[in-house]
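Hi there,

Here is the structure I promised to pass on to you. Have a look at it first, and then read on for my notes.

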Amino acid sequence: MSNWAASPRSGSADEVINKTNKVSAQLKAIYKDNILPAEKRYRYDYFYESPFLTDVEFDAKPQVMLVGQYSVGKTSFIRYMLGRDFPGARIGPEPTTDRFTCLINGPEERTIPGNALSVHPDLPFRGLERFGVSFLSRFEGSQLPSSVLRSITLVDTPGILSGEKQRVNRGYDFTKVVSWFADRADLILLLFDAHKLDISDELKATIDVLKGHEDKVRCILNKADQINRQQLMRVYGSLLWSLGKTINSPEVLRVYVGSFWHEPLQNLDNAELFESEESDLMRDLAILPRQSAVRKINELVKRIRKVKALAYIIGHLKSQMPAVMGKDKKQQKLISDMPNVFRQIMKKHNLAPGDFPDINKFSEKLKDTKF
């Protein structure tokens, strides 16, 4: 199944890695010399709740994050990809994965506690410290020797349930953690069960934080062998309709249909279709290492555009403040008039709306600061 990663590295593969490393080195220099000083000056980390980038994040392997409601087959999908079990894997019809698990390549099988992962100098997880002890106790690494993991890192997320109780009991902000991983992921796989297409409130909130990353998102309609051809057509249409209401994107998301586990197909009506879909998905995964350099450039360009917009906003606000008297009153007035402030800056500097921060969150942040 995972033959795309099983073959030894060829000369062309090594050449791709060398080119990617050169691009990463150049991006690091650009970021440190030009972007980081602006981020510190305008407090990008505070307003966007995004820590400053480190060298290891530029050097990291491509990441694939799996998201979905409980019992849709995320962990089974990873086992299917790897062709084997992995340390810490828990599978069952009830919610079994209650933590974020990062699968990384290594010489021996072991689990690594979240606190150790977040301070490891060679892994890109240092920024997760900001989510606190409650999160880090539910975060772990699963290390094992794997030809697949030599090329990519997999991130398994907790199964999403519906209801307020689960959100409160987590002890950390689940959607913010997903957003942190989404910023750094090269591919985001949304998994759905062919028998459970309902999108719960928390799943919708999770999908909402993927805004801006639609180009990375792919959907998997799993366990599709348990229904016949006519039912599959209806289920596929229902899924696209539900996604269309949830994800504001002019393009239809790519949906891979199949049954991604080691058991034989229960219904052979669509066996040929499933085989073709699996081949397409594996091809999508196989090109990730080759596209890594392009993705890193795109992500840095996105960040630069956000920093630029933030600099213009902060500069405009400071220019409107009085020199001595009435600063607090003027600040409150500017915050309440933020929609007009955004429009003025957008028009004056010819900026795109997508480069601006969320206006409500930004206004709340401004209330706790002085400018």
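Below is what turned up, going from the sheet to the cores, then to the helices and one lysine.

Please keep in mind that this is a predicted model.

As background, strands of a sheet pair through backbone hydrogen bonds, in either a parallel or an antiparallel way. Both kinds occur here. Strand S2 (residues 100-105) and strand S5 (residues 153-156) run antiparallel and are joined by 3 bridges. Within that pair, Leu 103 has Leu 154 in S5 as its bridge partner. Strand S1 (residues 63-68), on the other hand, runs parallel to S6, with 5 bridges between them; there, Gly 68 is partnered by Leu 191 in S6. S6 also pairs with S7 in the parallel sense, over 6 bridges, and Asp 193 has Asn 222 in S7 as its bridge partner.

How many of the residues in S6 are buried? The count is 7 of its 7 residues. Both of its faces are covered: Leu 187, Leu 189, Leu 191 and Asp 193 lie on one side, with Ile 188, Leu 190 and Phe 192 on the other, and all are buried. S7 is mostly covered too, with 6 of its 6 residues buried. Val 217, Cys 219 and Leu 221 point one way from S7, while Arg 218, Ile 220 and Asn 222 point the other way.

In soluble globular proteins, nonpolar side chains tend to be buried together. In this model, the largest nonpolar core has 46 residues, and the members that touch the most others are Met 65, Phe 139, Phe 181 and Leu 221. Helix H9 (residues 174-184) supplies the largest share of this core, 6 residues.

Setting aside residues up to four places away in sequence, Met 65 touches Val 155, Thr 157, Val 178, Phe 181, Ala 182, Ala 185, Leu 187, Ile 188, Leu 189 and Leu 210. There is also a second, separate core of 30 residues, which includes Tyr 48, Ala 309, Ile 314 and Phe 356.

**Two helix pairs**

Helix H15 (residues 338-349) packs against helix H16 (residues 359-367) at an angle of about 110 degrees, and their axes are 11 Å apart. H15 is therefore roughly perpendicular to H16. On the H15 side, Met 338, Pro 339 and Phe 342 meet Ile 359, Phe 362, Ser 363 and Leu 366 of H16. By class, the residues of this contact are 6 nonpolar, 1 polar and no charged.

The other pair is helix H12 (residues 271-286) with helix H13 (residues 288-320), whose axes come within 6 Å and cross at roughly 50 degrees. That angle makes H12 oblique to H13. Here Asp 284, Leu 285 and Ala 286 in H12 meet Leu 288, Pro 289 and Arg 290 in H13. This contact has 4 nonpolar, no polar and 2 charged residues.

**A lysine to look at**

Lys 296 lies in helix H13. Is this lysine buried or exposed? Lys 296 counts as buried because its relative accessibility is 6%, and the cut-off for buried is under 20%. Leaving out residues up to four places away in sequence, Lys 296 touches Thr 20, Ser 24, Leu 27, Phe 58, Asp 59 and Ala 60. Of these, Ser 24 is 272 residues from Lys 296 in sequence, yet the two are 7.7 Å apart in space, C-alpha to C-alpha.

Terms used
Residues numbered from 1 in each chain as written. Predicted model: local features only at pLDDT ≥ 70, side-chain atom pairs only at ≥ 80, totals over all residues. Heavy atoms only, no water. Core = buried A, V, L, I, M, F, W, Y, C linked by side-chain atoms within 4.5 Å. Buried < 20%, exposed > 50% of the residue type's maximum accessible area, 1.4 Å probe, protein only. Helix = DSSP H or I, 4+ residues; strand = E, 2+ residues; numbered from the N terminus. Contact = heavy atoms within 4.5 Å. Pairing = 2+ DSSP bridges. Axes fitted to C-alpha atoms, helices over the stretch in contact; angles between N-to-C directions. Parallel < 35°, antiparallel > 145°, perpendicular 65-115°, else oblique. Nonpolar A, V, L, I, M, F, W, Y, C, P; charged D, E, K, R; others polar.
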